[in-house]
Amino acid sequence: MKKGDHLFLVDGSGYIFRAYHALPPLTRKSDGLPIGAVSGFCNMLWKLLREARNTDAGITPTHFAVIFDYSSKTFRNDLYPEYKANRSAPPEDLIPQFGLIREATRAFNLPCLEMEGFEADDLIATYCRLACEAGGDTTIVSSDKDLMQLVGPTVGMYDPMRDRQIGILDVIEKWGVPPEKMIDLQALTGDSVDNVPGIPGIGPKTAAQLLEQFGDLDALLERASEIKQNKRRESIIDNADKALISRQLVTLRTDVPVTEALDDFVLHPADGPKLIGFLKAMEFSSLTRRVAEATGTEAGEIEAATVAVERADTAHGPDVGSGVQALEVDEKTATGTAAKEEGFTPSFLAAKRAEAAVADKIDVDAYHCVRDLPTLEVWIAEAREAGVVAFDVETTSLDPMQAELCGFSLATAPGRACYVPLGHKSGQDDLLGGGLVDGQIPIRDALSTLKPLMEDSSVLKIAQNLKYDLVVMQRHGVDVTPYDDTMLLSYVLDAGVTGGHGMDFLADKWLGHKTIPFKDVAGSGKSFIGFHQVPLDKATCYAAEDADVTLRLWQVLKPRLAAKGLVSVYERLERPLVPVLAAMEQRGISVDRQILSRLSGDLAQGAARLEEDIYALIGERINIGSPRQLGDILFGRMGLPGGSKTKTGQWSTSAQLLEDLAAEGHELPRKIVDWRQLTKLKSTYTDALPGFIHPETGRVHTSYALAATTTGRLSSSDPNLQNIPIRTAEGRKIRTAFIAEKGHKLISADYSQIELRVLADVADIPQLKQAFADGADIHAITASEMFNVPVEGMPSEVRRRAKAINFGIIYGISAFGLANQLSIPREEAGAYIKQYFERFPGIRDYMDETKAFARENGYVETVFGRRIHYPEIRSSNPSVRAFNERASINARLQGTAADIIRRAMIRMEGALAEAGLSARMLLQVHDELIFESVEGEVEATIPVVRTVMENAAMPAVSLSVPLQVDARAADNWDEAH
DNA sequence: ACAGAAGCTTA
DNA sequence: GTAAGCTTCTGTT
């Protein structure tokens, strides 16, 4: 140890008692072992290590040790037999925890010190002296006044529970004397807890005043006769011997023959797996999670250590009173066979949680409505204590970019939840908008009180569909971290399982609880009132229920993640995407109103012209948009050939059918198809998009759903920006309205043939892998292999058919579907497929394997381990079964591609920041990412984007086929793509 | 006012 | 043949 080093000495014994008394009584592990004090101790240690390391201004320890009392008998008992004689035996449920706390210290990789015949305080005093002599500083982690005598220029104290530093000035402030006079002060006052006699009638105030007057105890006793007050003078003279023995008792020994050197206390980084093994054994789930996060450990992969608590009468003297707990962590079996034999497997624990959740009924009338700041502060303190809190925001709109905050709810334990109304209005929603309901905390005050909790790295926030709440909160300047999302947990666990991942459904499924329907509190349709108009009592039941249910769902779902081996899918592909998408949604994209308006006019004109032609041809003014009326005219009255019926018995008027008729030379069907295209473009795009331009940002903010598809793809809505036209020239014009900000460019980067590349890799097809490695035209190569024709000079029709087959494979091909796609007889399509499988037998094997796996397990997996369930794959209905087989084949490919672009998106922001680029990701369209970049940075941005995307599978998966990304920049989306 | 069907847009 | 979302029409609530 040298100058500049900093030693932390933790008064472990002091903490055992403080933690025990500070925490709710009788906190027990599932097997009944009491662990309240262990929990408090571990949380304190972890917080101390984290904060001490993290704070810039704080003190960073270089050396660290935790010190315990060895037994209750020390040299002081020889000096004064009554010392600590009135101490009662420790509470029954604290006894087994002494050993566990020492074990906890070792699990934290920290030295654990004790010495026979001495108190912890003496060891602390001795090490303080040694550190001081070595030139280092010391912080004593304790708030015990017995240790204050050690405070000096290089020695401070710290009370982590009150987050308070104690220095020389603090000692003077509290006791009225400087630290070096604390011994004399204690000698005078004594200590009833430790049975140190002191001088009767002298308390801290008098003692301080006397010491101020006489200097020190010796001088005081010598000149006691000078004291004016009769009683005080006599007491001091009569009890001088008690004061002297007291001084001996309270003076800490700095000469303990310690065996460990200061250099043995050098602080090492936490050993994640070791610590997590212990924490799991103690069932400290929230601390386990925090430690896993901070140490970068996959907690799911670590099993609980075997921590055996045995009562043994060893030579190791009693800690306090009776009973000794020798405790061992068996390193050899730490990976868990013992745990399994006891039945405490992740699956077992998950099942237990699920059982308990259904049994614990929900009472929506038990919630609290928080209407003042002090009460909110109590709830926030409770959340801090719990380490986890479920929350939910209530607003006036489903669109988080437009929503106004009405209030938020918190849940700190099942059944313990509150609603905090902020923006509820009274009276009619007239021009004045109604006044705020009385007794609501001002939004600014509530949020500035809530913000530190939401951003506290040691408190896990839980939400259902967090992205919504995150966007709302971020708009109010509040971030949320760390977090879990119950919707995403359900999605990772149960994608494809019937029922979806909405809260109402999940509450019924897992908790057996029917949630209050939103329309019951806010009405619907014409009777709809915004949430801000809902009376506070109703709002409280509804909103707090959401938080309560969310917390309970988390308790059920989170353990299932580890039980099913899906922790890394959740933590790497799902959870990190939430803030990425929240940011994209908030950025939005610029859309040119004028371009859309002009297009809308053109389309209206074109459609009107066609309408007139159509009316002329059929002789009456029907509603062309009505397939029913149209079918009746075309196939009924006009008697066109080739009519077919839909499953509801209506005449089909599908585009495919009308196209076929047009090809036979009929004029009318062609015009109808054209009319439909124009009206479709007008209504869905040019007319609807301007309505999505945000009044303040002037941009269009789509909403991405993370848990809407079964395969892992995202979906986009309000508006859907993943189906903006591109195939026809007319449609493409709509893309020209998506523009870059002034001085910026849009960059579009898309994966080339990503699903076929994934297929080539997972099905291991040599010809396809070679073609991709060569950068060849994959459809031409396929055609060449199948039809034995050279790539050079290949007719475009041959390539087109091969292309259709390649896509068909991705979709789980059927002769029926391929025949439809290529407008060829089913037999011919079947022959193509046969030919394809002969040339690429690996693909047939791959498809057969996938079907067999899905049938066996009820799900398929992507390359990254995402599971997609097909509960109907064993259906006795052949067409249902075939559909599920095709879907499962497609899901592995589509899902793997979706996972890859997710990984790219998660890394993109960091990569751009690292490269010092200001480009920002705006949109995702399944295999394409759209960015906005300052004009001058475009050239530098494209390679960064390309690198991130092309390497997105790494290092988790090394594909045998290269990924290729095409990227381009332009002023609008049409030209960039 | 709502739900489902039909139809059309995307990857 | 896979995966989505939006608009319109139509019949029911």
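**Before starting.** I noted that this is a predicted model.

**Entry: two helices.** I began with helix 18, residues 466-475, and helix 24, residues 577-587. Their axes come within 9 Å and cross at roughly 55 degrees. Angles of 65 to 115 degrees would count as roughly perpendicular, and those under 35 as roughly parallel. Helix 18 and helix 24 are therefore oblique to each other. I also looked up the hand of the crossing, and it is right-handed.

Which residues make the contact? From helix 18 I listed Leu466, Lys467, Leu470, Val471, Gln474 and Arg475. From helix 24 I listed Val578, Pro579, Leu581, Ala582, Glu585 and Gln586. Sorted by class, the residues of this contact are 7 nonpolar, 2 polar and 3 charged.

**Entry: DNA strand B.** Next I turned to the protein around DNA strand B, where I found 26 residues. Those that come nearest are Thr646, Thr648, Thr653, Ile726 and Arg727.

I then went through individual atom pairs. The side chain of arginine 727 has an N or O atom 2.4 Å from a phosphate oxygen of DNA strand B. Asparagine 723 places a polar side-chain atom 2.9 Å from a base oxygen of DNA strand B. For arginine 713, an N or O atom of the side chain is 3.1 Å from a base nitrogen.

Helix 28, residues 667-686, gives the largest share of the surface near DNA strand B, with 4 residues. By class I recorded 8 nonpolar, 11 polar and 7 charged residues on that surface.

**Entry: DNA strand C.** How many residues surround DNA strand C? There are 35, and the closest are Asn623, Ser626, Asp718, Asn720 and Phe816. Of the atoms of DNA strand C within 4 Å of the protein, sugar or phosphate makes up 75%, and bases make up the rest.

Aspartate 718 uses a polar backbone atom, 2.8 Å from a phosphate oxygen of DNA strand C. Serine 683 has a side-chain N or O atom 3.4 Å from a sugar or linking oxygen.

Several elements each supply at least two residues of this surface, among them helix 26, helix 28 and strand 18. Its residues divide into 9 nonpolar, 21 polar and 5 charged.

Definitions and conventions
Residues are numbered from 1 along each chain as its sequence is written. Chains are lettered from A and ligands numbered from 1 in the order in which they are written. This is a predicted model: local features need pLDDT of at least 70, side-chain atom pairs count only at pLDDT 80 or more; totals for chains, interfaces and linings use all residues. Side-chain values use heavy atoms; hydrogens and water are left out. Axes are lines fitted to C-alpha atoms, for helices over the stretch in contact, and angles run from 0 to 180 degrees between N-to-C directions. Angles under 35 degrees count as roughly parallel, over 145 as roughly antiparallel, 65 to 115 as roughly perpendicular and the rest as oblique. A crossing is left-handed if the near helix is turned anticlockwise from the far one by less than a right angle, and right-handed if clockwise. Contact means heavy atoms within 4.5 Å. Ala, Val, Leu, Ile, Met, Phe, Trp, Tyr, Cys and Pro count as nonpolar, Asp, Glu, Lys and Arg as charged, and the others, Gly among them, as polar. A residue is near a molecule or strand if one of its heavy atoms lies within 4 Å of it. A polar contact is a pair of N or O atoms within 3.5 Å; within protein, one must be able to donate a hydrogen and the other to accept it, and residues adjacent in sequence count only if both atoms are side-chain atoms.
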